[in-house]
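I would like to walk through one model, going from the overall fold to a core and then to a pocket.

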Amino acid sequence: MSKERKPTRQQMWRKRHPKRYLAHLTVQNAMRLGVIERKPCEVCGDPKTDAHHDTYDNPLEVRFLCRRHHKAHHAKGGSNGP
């Protein structure tokens with residue numbers, strides 16, 4: 001008898017948001033291949049940044065924000081679209 005494992009929180013998020021997950025993978029691969037380059041935070045200039053999608057319709061269209069400004073953007077209602 002094998003026990004079925006409960007999906008992880010990450011696996012459940014990926015299943016609920018396939019378009020977002022694909023966009024994240026696209027950006028990761030593009031950065032790895034040198035298609036796009038990580039930039040400093042557009043607010044404060046911190047070199048350690050996250051890629052932020054304003055919309056997922058064009059996965060390579062991202063803004064770079066440090067974690068602090070990325071979280072602040074979402075806290076004030078900055079959404080990512082569908």
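I will begin with how the model was treated and then turn to the fold.

This is a predicted model, in which local features need pLDDT of at least 70 and side-chain atom pairs count only at pLDDT 80 or more, whereas totals for chains, interfaces and linings use all residues. Residues are numbered from 1 along each chain as its sequence is written, and side-chain values use heavy atoms, with hydrogens and water left out.

Along its principal axes, the C-alpha trace spans about 55 × 35 × 25 Å. Buried residues make up 23% of the 82 residues, where buried means under 20% relative accessible area, exposed over 50%, and partly exposed in between, with a 1.4 Å probe and protein chains only.

Now to the core. The largest nonpolar core consists of five residues, Val27, Ala30, Ile36, Val62 and Phe64; such a core is a set of buried Ala, Val, Leu, Ile, Met, Phe, Trp, Tyr and Cys residues joined through side-chain atoms within 4.5 Å. Met31, which lies in helix α2, is partly exposed, with a relative accessible area of 23%. Leaving aside neighbours within four places in sequence, Met31 is in contact (heavy atoms within 4.5 Å) with Ile36, Arg38 and Phe64.

What lines the largest pocket? A pocket is an open set of points on a 1 Å grid over the protein atoms alone, where a 1.4 Å probe fits, with protein on both sides within 12 Å along at least five of seven lines, and lining residues have an atom within 4 Å of a point. There are 16 lining residues, of which His24, Asp50, Ala51, His52 and His70 lie nearest the centre of the pocket. Helix α2 (18–33), strand β1 (50–52) and helix α3 (67–75) each supply at least two residues of that lining.

How values were computed. Helices (H or I, at least four residues) and strands (E, at least two) are DSSP runs, numbered from the N terminus.
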